[in-house]
Amino acid sequence: MSDTASLESIPEAETYQGYKVGPFKVTPLNHRRWLGFKANKRGYWSFWIFMVLFIGSLFAPFIANDRPIIMSYKGEILSPIFKDYPEEKFGGFLPVTDYRDPANFDEISSNGWMIWPPIRYSYRTVNSELPEPAPARPSWRLSTDQVCGKYENGVDDAQCNYGNWNWFGTDDQGRDVSARLIYGFQISVIFGLILTGFSAVIGITAGAVQGFYGGWLDLIFQRFIEIITSIPLLFLLIIIASVLPPGFWILLGIMLVFSWTGFVGVVRAEFFRARNFEYVNAARALGVGNGTLMFRHLLPNAMVATLTFMPFVLSGSITALTSLDFLGFGLPPGSPSLGEMVQQAKNNLQSPWLAIMAFIVISTMLTLLVFIGEAVRDAFDPRKTFG
Amino acid sequence: MSEPILSVEDLQVAFTTSGKTTTAVHGISFHINKGETVALVGESGSGKSVSALSILKLLPYPAASHPSGKIMFKGKDLLSADAAELRKVRGSDVTMIFQEPMTSLNPLHTIEKQIGEILELHQGMGEKDRKIRTIELLNQVGIRDPEKRLGSYPHQMSGGQRQRVMIAMSLANEPELLIADEPTTALDVTVQAQILELLNKLKARRGLSMLFITHDLGIVRKFADRVCVMTNGEIVEHGPTKEIFDNPQHEYTKHLLAAEPNGDPPASDDKAELIMEAKDMKVWFPVKAGFLRKTVDHIKAVDGIDLTLRAGQTLGVVGESGSGKTTLGLALTRMISSEGKIGFIGRDIGDYSFKQMKPLRSEMQIVFQDPYGSLSPRMSVAEIIAEGMRIHMRQLSNAEVDDTVCGVLQEVGLEPSTRHRYPHEFSGGQRQRMAIARAMVLEPKFVMLDEPTSALDMSVQVQVVELLRRLQEERNLAYLFISHDLKVVRAMANEVIVMRLGKVVEQGQATQIFDAPQTDYTKALMAAAFNLETASSGIVSQ
């Protein structure tokens, strides 16, 4: 029972140096959290699936594009993905080459080679050789004759290949659904991540200041937040959309005005609770300033609640963007967006592939995020961590 | 000898967390006869509470389990009893009172409702009978004017009164066995003496058997008929109280009995350097009322206190909870604002702002009560100790800071190689050493010690007291030692202030105050602390 005797009894594995997550050295606490996260199999796998999908979607131009990734023309190696070449180069007259144009396609094919992405449509590419009036059915529901019926040489045409298939059909403007889904997924997730990131920064700062100082500052800020949260977001967006041209950043800015308030509550509560903890007082007695106190001693407490909250804010932001797009007040026309796809599905009930595909992508994305969120929550649950 | 009312045979308790099973109690056996008080003594982590909770199966099952054992209560095995049978036993044949009277009562119900509920559940009493019986019970546990207190909520009562209500609740159904799990640990010494006396009286009147769980040997000596000494989940020694105290056999029992703070405080020296002086110090918290929040009254937490403190000396501040001891300490260190003059190493810091205080912070340090709360759980030991140095000793390089941290850890008796670990990996005593190291590393002249030993086990307390005294001698430190534990104060302080309700009751040389207290209040405090005796009513709080 001697005081120093128990020092030696801490096994070596318990020490700080031993813990790693992948290549990173972590604290024992974070290591236990990582194990907790891993223990939730559903969330752990959702995390990896989501990461694969997300990182994959960042390379969307290499997966679905209307121009070759790399090509050789008259001995010269060109990379149309990174650089726009005028059509003059290949004997045409447009300022930017349309590589899908049969004339250009034949010209380049006979003077070199092209490596195409697996899907030869970008999100805005209109399939000009649609087998049937838009929205066209998925290509695998048609015979090869039908799919290639509009090409110059029919089934024997060089363009008649799987790359030009519309795997999930087209929308009502003849654009490839699969390409639009890939780009739509990318833009939704990026929008959600940026919005969540900015909201977290603003929300945590505001919550920290309010919780730490309390008093009048807190009182006034809380009323201000109450006013903000009671403004209906969609109505305001509709009004603003009629004044400002909606775009990615403007939408982000407007939604940011509303979404940061979600973080304030949790962070403020944590700061309120922790600001009179003994170790905070102990640091204050050492002469530690307010900034350091908040950052080093209080913030780590609040981060647990915030991180737990984050995946749900992320899925919330994505849902908000989708609903705005659905109503037509979202991203500018032509942008690949899941909400717009849902709207098209509503307008074209005879083309179920639109609704089905939009549903699958949106629900998969949100389900993965919620599963990840649950696993994060489990990992940070102090009862599980310390139990 | 009569048949034992409760006998525990070879009880094991195991806890399973994430696949790992740890055994907390390794097969203990004891029994309680009718009308007998058996004490289960041990330090924290010895498994005494867990054993007591198993009797009523109040552990978090299925995480907890009993690989073996029998708990026979009046010929029935409680461990194998089903939920319905247990419910009948709980709260009527066997009842329990817990350590924390603040949290064991429902804050949203009145006293009448809480006691009445038990009467209704177990005896099916009607409303009128319930009221009569509740008043009778409150009378028995010594609550004055029970008719008036019926409508009170727990927060309107003091800790001692709440514990009395808890006892009333546990007696409501005339139990045969009362399990008391550290029932007085959270209470002041004076209130503790009152509660113990009450339990003793009730026991004698009703022939109640009692299982008393405590870490305080003083209580055991006075109240228990038999003692079981527990450590590491085993009963290492048991027998009649007198025998155990007079002639302990086991090493651990001897160790426990020897763990009384002893040694002498530093000698008073009027010529030593004056470190701190306060004149007519006041901390008043305004009470605001009405629409315009006008200040209508003040809570006088500290009301006109004078003190002087010289280098190498210790000033002890004692008093019941709520007497303003800690507020006084915080005001002296300028953690809260106060009125009156505070002189500190030749400066009047009474109206210094936080910024002005910053350079002085390295000269005055605080060691807090709870070593679990005062160390940030997210910083390593080295970071915690170095934090103050990064502010006050900016000129030091990283290597020098690290050297200093190692040095101070060694000085407080910790292994320097453990400095990269986190506080949760250490025991309470080790943590308190870290908190002391954090204060000492800045080489202060004055250290405020706010109940630095209260959260620690007895044997660890002794070590911490010795450490503090050694550091004081080596560094010629001035201590302000705040504590409700008079035994520790006697071993630490050469001068003592006795506080009550923000005012000084008695002030002077420690030897004089301890040996020949002048006021009734101080006398009552001493009697309660050293002999567990109660004072006549009116002198101390209820």
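How many residues does the contact take from chain A and from chain B? In this predicted model, the contact takes 25 residues from chain A and 35 residues from chain B. On the side of chain A that touches chain B, the elements giving two or more residues are helix H1 (5-8), helix H12 (278-285) and helix H13 (290-327) of chain A. H12(A) supplies the largest share of that side, seven residues. By residue class, the side of chain A that touches chain B divides into 13 nonpolar, eight polar and four charged residues.

Within chain A, a pair of helices comes next. The axes of helix H7 (residues 177-213) and helix H15 (residues 352-380) of chain A come within 11 Å and cross at roughly 25°. An angle under 35 degrees counts as roughly parallel, so H7(A) is roughly parallel to H15(A). Their crossing is right-handed. From H7(A), the contact is made by Val177(A), Leu181(A) and Phe185(A). From H15(A), Trp353(A), Leu354(A), Met357(A), Val361(A) and Met365(A) take part. The residues of this contact between H7(A) and H15(A) divide into eight nonpolar, no polar and no charged.

Another helix of chain A, H10 (residues 248-259), contains Met255(A). Is Met255(A) buried or exposed? Met255(A) has 20 other C-beta atoms within 10 Å; a residue counts as buried if 20 or more lie within that distance, so Met255(A) is buried. Leaving aside neighbours within four places in sequence, Met255(A) is in contact with Leu195(A), Ser317(A) and Ala320(A). Met255(A) and Ala282(A), by contrast, are 27 residues apart in sequence and 40 Å apart in space, C-alpha to C-alpha.

In general, strands of a sheet pair through backbone hydrogen bonds, either parallel or antiparallel.

E8(B) in turn pairs with E9(B) in the parallel sense over five bridges, and Ala180(B) stands opposite Phe212(B) in E9(B). Further along, five bridges join strand E9 (residues 209-214) of chain B to strand E3 (residues 37-41) of chain B, and these strands also run parallel. In E9(B), Thr214(B) is the residue opposite Val41(B).

Strand E8 of chain B is mostly covered, with five of its five residues buried. Leu177(B), Ile179(B) and Asp181(B) point one way from E8(B), while Leu178(B) and Ala180(B) point the other way, and all are buried.

Notes
Residues numbered from 1 in each chain as written. Chains lettered and ligands numbered in written order. Predicted model: local features only at pLDDT ≥ 70, side-chain atom pairs only at ≥ 80, totals over all residues. Pairing = 2+ DSSP bridges. Helix = DSSP H or I, 4+ residues; strand = E, 2+ residues; numbered from the N terminus. Buried ≥ 20, exposed ≤ 12 C-beta atoms within 10 Å, placed from the backbone. Contact = placed C-beta atoms within 7 Å. Nonpolar A, V, L, I, M, F, W, Y, C, P; charged D, E, K, R; others polar. Axes fitted to C-alpha atoms, helices over the stretch in contact; angles between N-to-C directions. Parallel < 35°, antiparallel > 145°, perpendicular 65-115°, else oblique. Left-handed = near helix turned anticlockwise from the far one by under 90°.
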